[in-house]
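Visitor: I would like to go through this structure and ask what stands behind each label.
Guide: Go ahead; the sequence and structure come first.

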Amino acid sequence: MKQTSTPASAKVWTLIQISDTHLMDQPELEFARMNPEQSFLEVVHDIQQRFPYIDAVVHTGDLAQVAAESTYQRYLQFMQTWNVPHYQIPGNHDDYLAIFPFYKNSDEAHAISFGCWTLILLNSAVKGRVDGWVEQKQLDQLEQLLLEHSKQYVIVACHHHPFAMQSHWIDQHRLKNSEALKDVIARHTNVKMVLFGHVHQDSENEWQGVRYLSTPSTSVQFKPLSENFALDQAQPGYRVLQLKDNGEYQTYIQRVVLKQAKINTEISGY
C-alpha cells in the first residue's frame with residue numbers, strides 16, 4: 001500500500017532503496033537454492049522500466065553473500081554501466097570490510113544531499129557477528145551531521161533493524177544498541193525516516209514522529225512473524241522514495257515477479 005504525505009507541487013527527487021542482494025563471487029552460483037544474480041538483474045530491469053530517471057540507488061547491506069573483491073567489482077561495474085549515483089553500506093555478510101566499497105572509501109557516517117533532503121549512511125555491521133552495532137564514533141558523527149544539516153529533511157540508513165520484527169530467530173540479530181541510535185535521532189526533529197534491510201521483508205514502525213522502514217530483499221524473502229527461520233513465497237522488491245523540496249514525500253514497496261521457479265521454502269537456513 002502506498003504511504004503518502006499531503007500532495008503539493010514541488011521538485012521531486014526519486015531514490016530507490018535495494019537491500020540484501022547476497023551476490024556470489026561467481027554470477028552462476030546459487031544462494032538458498034536460487035540465483036541471486038539473476039533476481040538482482042530482474043529487479044534492476046523493473047526499476048529501469050518504471051523509473052527511467054532516478055537520482056540515486058541506496059543499497060542497505062548484505063550486498064554480498066561471498067564477500068570477495070570479484071563480487072564487489074562486478075556490482076560496481078554494473079552500477080557504473082547503469083550510470084546512476086549509487087551508495088552502499090555493509091551488512092553482516094559483507095564481513096571483509098577492508099574491501100567493501102564504502103562511499104568515498106571511508107568507513108564513517110556520510111551525508112549526501114538531494115535538494116532540501118539529506119541521506120546519512122551508517123555502518124551497523126560488526127565483524128564476525130550477525131547482529132548489529134553502530135559504533136560510538138559513528139553515533140557522534142551522526143549527531144554532528146544532524147546539527148550541520150539542521151535545516152534539511154533527513155533520512156538515516158543502516159543495515160540492521162532497530163525494532164523487533166516479532167520473529168524470534170531474526171530478532172536475536174537486530175541492532176543491539178538501537179536505543180542509542182534512537183536517542184540521537186530523538187534530539188533532532190528534522191529526521192523523517194530510518195531505512196534498513198537485513199530482515200528480507202517490508203515493515204514499518206513509527207517512533208516520536210520518525211518512520212522506521214525496511215525493504216524486501218532482491219533475492220529470497222523471510223516469512224514474517226516466524227518463530228524459527230523460514231522463507232516466504234513473497235516476491236522480491238525495492239522501496240521507492242519520492243521526495244519534495246518542501247519536506248513532503250511518498251514511499252512504497254514495489255514487488256517484482258521473477259522468471260525463476262518458486263522459492264524452496266523447506267530450506268532450514270542459509
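**Confidence and helix packing**

Guide: This is a predicted model, and its chain averages a pLDDT of 92, with 92% of the residues scoring at least 70. Over residues 1–8 the pLDDT is below 50, although this stretch has 19 contacts in the model beyond near neighbours in sequence.

Visitor: How do you know that there is a domain, and where is it placed?
Guide: That comes from the record: an unreviewed UniProt entry places "domain: Calcineurin-like phosphoesterase" at residues 15–201.

Visitor: Why are α1 and α2 called roughly parallel?
Guide: Helix α1 covers residues 36–50, helix α2 covers residues 69–82, and they pack at an angle of about 15°. Angles under 35 degrees count as roughly parallel, so α1 and α2 are given that label. Their axes are 13 Å apart, and α1 passes α2 in a right-handed crossing.

Visitor: Which residues make the contact between α1 and α2?
Guide: From α1 they are Glu 37, Phe 40, Leu 41, Val 44, Ile 47 and Gln 48; from α2 they are Arg 74, Tyr 75, Phe 78, Met 79 and Trp 82. Sorted by class, this contact has eight nonpolar, one polar and two charged residues.

Visitor: What makes α3 and α5 roughly parallel?
Guide: The axes of α3 (residues 136–148) and α5 (residues 178–186) cross at roughly 15°. The cut-off is again under 35 degrees, and α3 and α5 are therefore roughly parallel to each other. These axes come within 10 Å, and the crossing is right-handed.

Visitor: What classes of residue make up the contact of α3 with α5?
Guide: Leu 139, Leu 142, Glu 143 and Leu 146 of α3 meet Ala 180, Leu 181 and Val 184 of α5. They divide into six nonpolar, no polar and one charged.

Conventions. Residues numbered from 1 in each chain as written. Predicted model: local features only at pLDDT ≥ 70, side-chain atom pairs only at ≥ 80, totals over all residues. Heavy atoms only, no water. pLDDT = per-residue confidence, 0-100. Contact = heavy atoms within 4.5 Å. UniProt positions renumbered as here; feature names shortened; annotations may be inferred. Axes fitted to C-alpha atoms, helices over the stretch in contact; angles between N-to-C directions. Helix = DSSP H or I, 4+ residues; strand = E, 2+ residues; numbered from the N terminus. Parallel < 35°, antiparallel > 145°, perpendicular 65-115°, else oblique. Left-handed = near helix turned anticlockwise from the far one by under 90°. Nonpolar A, V, L, I, M, F, W, Y, C, P; charged D, E, K, R; others polar.
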